[in-house]
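Hi,

Here is the structure I promised to pass on.

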Amino acid sequence: MSSGIRATVAVTTPESCPLVEFSRAVETSITQVSTSNVPADDVGSTTEFLAPSVRATDAQPASIRGPIFSYGDTAIYRFEHETDTTCPCTCLGSYGCPIHRYDVEDGILTVVFHAETFEQLQSIMADFREHFDGVDVQQLLRPPLEGTPEERVFVNRGKLTDRQEEVLETAFDMGYFERPKGANATEIAATLDIAPSTVTEHLITAQRKLLGDVLGRDS
């Protein structure tokens, strides 16, 4: 079974993104974007996107070519990416992750992509947060996908501190959540060399944060 993750991430006003620049300039939203990667190491990629038809004006960024093809009220436009990672699209490209879908509206770029592993996703998100402001992970999906879309929820482990995650994982591995219990708070505390009251505090806080996501409540 694949361990890949489908991620939906929104980035607020990434200044170097041609899609956001175009959307602002002509006051429109952009959907249905596809990217073709060019194999040469010193060449970027060409992105093609569908947007409401607009006549080429001074407002249209010079980096945007088109309309290339008209579908009446909508048209195809193109632009070429550079090879740096100052745009979310090229940042993902540096990890070999094609963009599955882009959406741009009101200065917010939302990208959907598939990370091969959780470790790769962590590296991508670290780069995103280093280079861009207003990064919001909206959804993470991991196969197998069961239940209705409403029943599939994203549990954000990033809410946990390193210590809370360590205590939670240790408690789980030692059987704290099993019935009968494989270990109590005192035994977990001895393993981690901390006080039993600290174990209990971290477990309560960690569970509340994660259950807030599961139940759709603020934690």
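Strand E1 (residues 5–12) runs antiparallel to E7, and 8 bridges join the two; strands here are DSSP runs of E, at least two residues, numbered from the N terminus, and two of them pair if DSSP finds at least two bridges between them. In this pairing, Val11 stands opposite Leu109 in E7. Strand E6 (residues 99–105) also pairs with E7 in the antiparallel sense, over 6 bridges, with Asp103 opposite Thr110. E6 and E7 form a hairpin with 2 residues between them, and Asp106 in the turn has a positive phi of about 55°.

Why is strand E7 (residues 108–115) largely enclosed by the rest of the structure? Because 6 of its 8 residues are buried, meaning under 20% relative accessible area with a 1.4 Å probe, protein chains only.

One caution before the wider picture: this is a predicted model, where local features need pLDDT of at least 70 and side-chain atom pairs count only at pLDDT 80 or more, while totals for chains, interfaces and linings use all residues. Residues are numbered from 1 along each chain as its sequence is written, and side-chain values use heavy atoms, with hydrogens and water left out.

Overall, the protein has 6 helices (DSSP runs of H or I, at least four residues) and 8 strands. Of its 219 residues, 38% count as buried.

Best wishes

Definitions and conventions: Buried means under 20% relative accessible area, exposed over 50%, partly exposed in between (1.4 Å probe, protein chains only).
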